[in-house]
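Here is a friendly walk through one protein model and its ligand. Please keep the view open as you read.

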Amino acid sequence: MMKKQIFIGLTILTVVFFMISIILSINIWITRVQTINDLNTNVSNLSHTLNLYSEGVIRQGEMFIDNLSDITEIYGEDKNKLANIKKILAGQNEFLEQINNVVIYDVNGNKLIALHEKFNGRVNSADRFFFIYHQNNTSKKIFIGPPVVSRTNGKWVITISRRLDDHLGRFAGVALLTLNIENFLETFGNINIGHSGAIGLTSESGILLVRYPFDEKYIGRVISDSPLFTTYLKHSDSGTARSLSRFDNIQRIYAFQKNKRYGFVTTVAISVDEGLSSWKKQSEMLSVIVIFLMGGVITSAYFILRDIHRRVYSNRELSKTTASLMTANKKLTAMAAEDSLTGLANRRKFDEVLPREVLQCVVNNHSISLMLIDIDYFKTYNDNYGHLAGDDCLRQVATSIKKTVKGGSALVARYGGEEFVVILPATDLIAAEKNAKKIIQNICQENIPHEYSPFGIVTVSIGIASGPGLAVKGKEKMLIEYADDALYHAKYAGRNGFISSTHLF
Ligand SMILES: Nc1nc2c(ncn2[C@@H]2O[C@H](COP(=O)(O)OP(=O)(O)OP(=O)(O)O)[C@@H](O)[C@H]2O)c(=O)[nH]1
């Protein structure tokens, strides 16, 4: 029963732990999803903001280069006119701090005028990508070229250029504005994207214009084969995705935003590990607390179960001890009521039973009879056959009496020495005499040799007393005395016979 309860308890505990683990896992999973959603929102907002910032810078550059181109086309590339245009150029970087240089090239790529005249390398730019582009493209729209190292000061720059035409619409050169990448980097660097975050500005064709953190080897790289260009941008101009960086092998969540006006793409990426680090810490802490609490419950349950088990064990031991004590007690009670030699009831038992049986006879309005039985010439038997043989003889006689009066509520007891007593409840004198006769006959039939008795065998003499239960009640001693008196007369009469008491109750 207790084992079943322990089993039920353990099952409930297991189910509870299982449910707590599931709830904990769900909670950790939900907070992870929420954290990733928050990261996606943050990088989306940042990419949107930086897209606007970059658009603003390039728009200013576009307006500037448009004006410069229009003026140059109107006034022509005459030296005097160019000198005036140069005056207009001076101080332009006050309005657009990102400006690295502004240059006007003639039809052959030779520099006509520049905001900063000092050039470190070749002055001719006929080999530059932007120049070749405009040479071969009649469009008057600005062209954002791949990043190059400025020949003015050796810094990385983005080129914004526009084609110049003569009055016949023929290619007449290029107006160029270069923007310092370092100004973009400075702005990007002020944004908190963690240690492993990255911000990128990529041209419509997939050429990396700016990347923060800056590394020269990434500038100008073509990433048009990345999933951003092959998949995501094909479906939407903005969104979020997750990818393994081809540059540094870091898993990042990133947002992309394609500029509607110029087509460049702004990306803001945050390392997944970094973005999830606070979630990870919280989840670990929560798990440790739950595991600690579960451990506490298990330990308490263990001690409680151990205590229950101990108590059950000691209860069982106690029951066993009680049972064996009761058995021992029963044995002791039986032993206390039994004569050890003959196995008959002893004198104490007889004293206890007699008044009870008398009372029963009173209740039932019956008579009660009592027989005192004494072995004849037992002293000579003992003297001649020995005490042990005397004991055997006593056992044989006891067994014979018991067999004879067996059944009913008769009680045969050893009264003392070689004397026995028989209580015959619900038995009147005539019935008692019949019993006495049978006892004498049966003992004779046992044929126990006794050559020192005139009968040659062991015999008994019996004294009988009888009376109605009601009359005997309270005078049980008298019943015994009458039987003893009758026994005396039986001995006197020659033994091996019975005499009934003449005393009446
Ligand atoms: N072996 C044995 N003998 C016992 C025991 N109890 C009493 N006796 C003997 O029983 C004998 C009783 O003898 P007596 O009372 O003198 O009478 P008796 O020899 O039987 O003669 P009657 O009774 O007159 O026929 C004694 O010798 C006791 O020692 C016992 O437990 N074992």
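**The chain as a whole**

This is a predicted model, in which local features need pLDDT of at least 70 and side-chain atom pairs count only at pLDDT 80 or more, while totals for chains, interfaces and linings use all residues. Residues are numbered from 1 along each chain as its sequence is written.

The protein chain holds 13 helices and 16 strands; helices (H or I, at least four residues) and strands (E, at least two) are DSSP runs, numbered from the N terminus. Of its 505 residues, 32% are buried. Here a residue is buried if 20 or more other C-beta atoms lie within 10 Å of its own, exposed if 12 or fewer, and partly exposed in between, with C-beta atoms placed from the backbone. Among contacts with a separation of 6 or more, 62% join residues 24 or more positions apart; a contact means that two C-beta atoms, placed from the backbone, lie within 7 Å.

**The antiparallel sheet**

Let us begin with the open sheet of 5 strands in the order β8-β7-β11-β10-β9, where the pairing is antiparallel. Two strands pair if DSSP finds at least two bridges between them. The edges belong to β8 (208-212) and β9, each with a single partner strand, so one side of each has no neighbour in the sheet. From one strand to the next the twist averages 20°; axes are lines fitted to C-alpha atoms, for helices over the stretch in contact, and angles run from 0 to 180 degrees between N-to-C directions.

Helix α5 (residues 227-235) packs on this sheet and touches β9, β10 and β11, its direction making about 60° with that of β10. Helix α4 (residues 181-189) lies across β7 (198-202) and β8, and runs at about 40° to β8.

Strand β10 (residues 251-258) has 7 of its 8 residues buried, so the rest of the structure largely encloses it.

| Hairpin | Bridges and direction | Residues between the strands | Turn residue with positive phi |
|---|---|---|---|
| β9 and β10 | 7 bridges, antiparallel | 6 residues | N249, about 60° |
| β10 and β11 | 7 bridges, antiparallel | 6 residues | G263, about 85° |

Which residue of β10 stands opposite S243? That residue is R252, and R252 in turn has S271 as its bridge partner in β11.

S243 itself is found in strand β9 (residues 238-244) and is partly exposed, with 16 other C-beta atoms within 10 Å. Leaving out residues up to four places away in sequence, S243 touches P227, R252 and Y254. P227 is 16 residues from S243 in sequence, and their C-alpha atoms are 8.5 Å apart.

**The mixed sheet**

The other sheet described here is also open, with 5 strands in the order β13-β14-β12-β15-β16 and mixed pairing. Its edge strands are β13 (411-416) and β16 (498-500); each has a single partner strand, so one side of each is left without a neighbour in the sheet. Neighbouring strands are turned by 20° against each other on average, direction ignored.

Within this sheet, β12 and strand β14 (residues 419-425) run antiparallel and are joined by 7 bridges. I368 stands opposite P425 in β14. Helix α8 (residues 347-364) lies across β12, β13 and β14, at about 135° to β13. Helix α13 (residues 476-492) packs on the sheet too, touching β12, β15 (460-468) and β16, and its direction makes about 145° with that of β15.

Helix α7 (residues 277-337) has 61 residues and reaches 88 Å from its first C-alpha to its last, close to the 90 Å expected at 1.5 Å a residue; the expected span is 1.5 Å times one less than the number of residues. How many of the 61 residues of α7 are buried? The count is 0.

In helix α1 (residues 2-75) you will find Q60, which is partly exposed, with 17 other C-beta atoms within 10 Å. Q60 and L96 are 36 residues apart in sequence, with 7.3 Å between their C-alpha atoms.

**Around the ligand**

Of the 16 residues around the ligand, D376, F378, K379, G390 and G417 come nearest; a residue is near a molecule if its C-beta atom, placed from the backbone, lies within 6 Å of it. The elements giving two or more residues to this shell are β12 (367-375), α9 (378-385) and α10 (387-404). By class, the shell has 4 nonpolar, 5 polar and 7 charged residues. Ala, Val, Leu, Ile, Met, Phe, Trp, Tyr, Cys and Pro count as nonpolar, Asp, Glu, Lys and Arg as charged, and the others, Gly among them, as polar.
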